[in-house]
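Look at the sequence and the model together.

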Amino acid sequence: VAGGFTNVKPTAPNNVISVAAVTTVGTTDGAVFVRPTIVPQQYYGSFSLTNDYSPAVANTAYPIDLNETRISNGVVIDGTYPSRIVVPASGLYNIGATFQYSSSNASAKDIYTWVRKNGTDVLMSSRIVTLTGTGSYTSLALFETLSLAANDYFELVFASTDTAVTIDAVPATAFAPASPAIELDVTQAQQ
């Protein structure tokens with residue numbers, strides 16, 4: 001009820017705001033201690049790449065376009081540059097991404113994955129995996145914390161020493177759901 005009290009916690013993206021605590025309960029009277037704590041809104045987003053992506057040239061950096069927004073509160077994929085994830089407000093943001101790579105030849109290949117902030121590589125953000133074997137898969141998890149200003153953006157970037165690599169989205173099977181090539185989760189940890 002608008003304007004009324006409730007003891008039911010709202011679900012995202014609605015904020016939880018405690019405004020009072022019951023201090024005395026009686027049959028004819030009671031007391032409520034009112035002291036609102038206004039919690040600033042936190043921003044977040046969950047995004048995916050649901051199709052395959054392969055590098056055209058070895059040893060070349062490629063920002064990765066994302067094509068699906070699963071849920072979003074303020075954090076968005078840029079409408080002009082789909083590799084850019086834009087935040088609406090300044091703060092400290094946690095970034096967690098998983099990548100699913102596959103190989104189409106037997107040679108060993110190194111795959112580099114990292115984060116760029118406003119077009120500049122984030123120092124010490126690169127992760128490397130080596131993949132061998134035709135039809136083999138490997139996953140990579142990348143976690144970073146970035147201090148971002150309002151309207152800053154970041155990108156996920158990768159390069160490989162061989163073009164026989166795919167960031168691979170796998171279709172559903174009779175026994176398992178489909179898996180995206182990339183899953184990216186962004187949460188604002190602090191304003």
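A residue is called buried when its relative accessible area is under 20%, exposed when it is over 50%, and partly exposed in between, using a 1.4 Å probe and protein chains only. By this rule Asn118 is partly exposed, because its relative accessible area is 33%. This is a predicted model, in which local features need pLDDT of at least 70 and side-chain atom pairs count only at pLDDT 80 or more, while totals for chains, interfaces and linings use all residues. Residues are numbered from 1 along each chain as its sequence is written, and side-chain values use heavy atoms, with hydrogens and water left out.

Asn118 lies in the loop between E9 and E10. Names of this kind refer to DSSP runs numbered from the N terminus: helices (H or I) have at least four residues and strands (E) at least two. The phi of Asn118 is near 50°, a positive value in a residue other than glycine. Asn151, in the loop between E12 and E13, also has a positive phi, near 70°. Most residues other than glycine have a negative phi. Asn151 counts as exposed, because its relative accessibility is 60%.

Now turn to the inside. In soluble globular proteins, nonpolar side chains tend to be buried together. A nonpolar core is a set of buried Ala, Val, Leu, Ile, Met, Phe, Trp, Tyr and Cys residues joined through side-chain atoms within 4.5 Å. The largest such core here has 34 residues, and those with the most contacts inside it are Ile85, Phe99, Tyr101, Phe154, Leu156 and Leu184. Strands that each supply at least two of its residues include E3 (44-49), E8 (91-103), E12 (137-148), E13 (153-160) and E15 (182-190). The largest share, 5 residues, comes from E8.

How are some of these strands joined? Two strands pair if DSSP finds at least two bridges between them. E8 and E15 pair in the antiparallel sense over 8 bridges, and in E15 the bridge partner of Thr98 is Glu183. E3 and E15 also run antiparallel, joined by 6 bridges. Ser46 stands opposite Asp185 in E15.

Which residues does Leu156 touch? Contact means heavy atoms within 4.5 Å. Leaving aside neighbours within four places in sequence, the partners of Leu156 include Tyr62, Ser83, Phe99, Trp114 and Leu184.

Ser83 sits in the loop between strand E6 (76-77) and strand E7 (85-86). Is Ser83 buried or exposed? Ser83 counts as buried, because its relative accessible area is 8%. The side chain of Ser83 makes a polar contact of 2.6 Å with the side chain of Glu155. A polar contact is a pair of N or O atoms within 3.5 Å; within protein, one must be able to donate a hydrogen and the other to accept it, and residues adjacent in sequence count only if both atoms are side-chain atoms. Ser83 and Asn67 are 16 residues apart in sequence and 8.9 Å apart in space, C-alpha to C-alpha.

Ser125 is buried, because its relative accessible area is 1%. Among the residues in contact with Ser125, beyond four places in sequence, is Glu144. Glu144 belongs to strand E12 and is buried, with a relative accessible area of 14%. A polar contact of 2.9 Å joins the side chains of Glu144 and Arg127.
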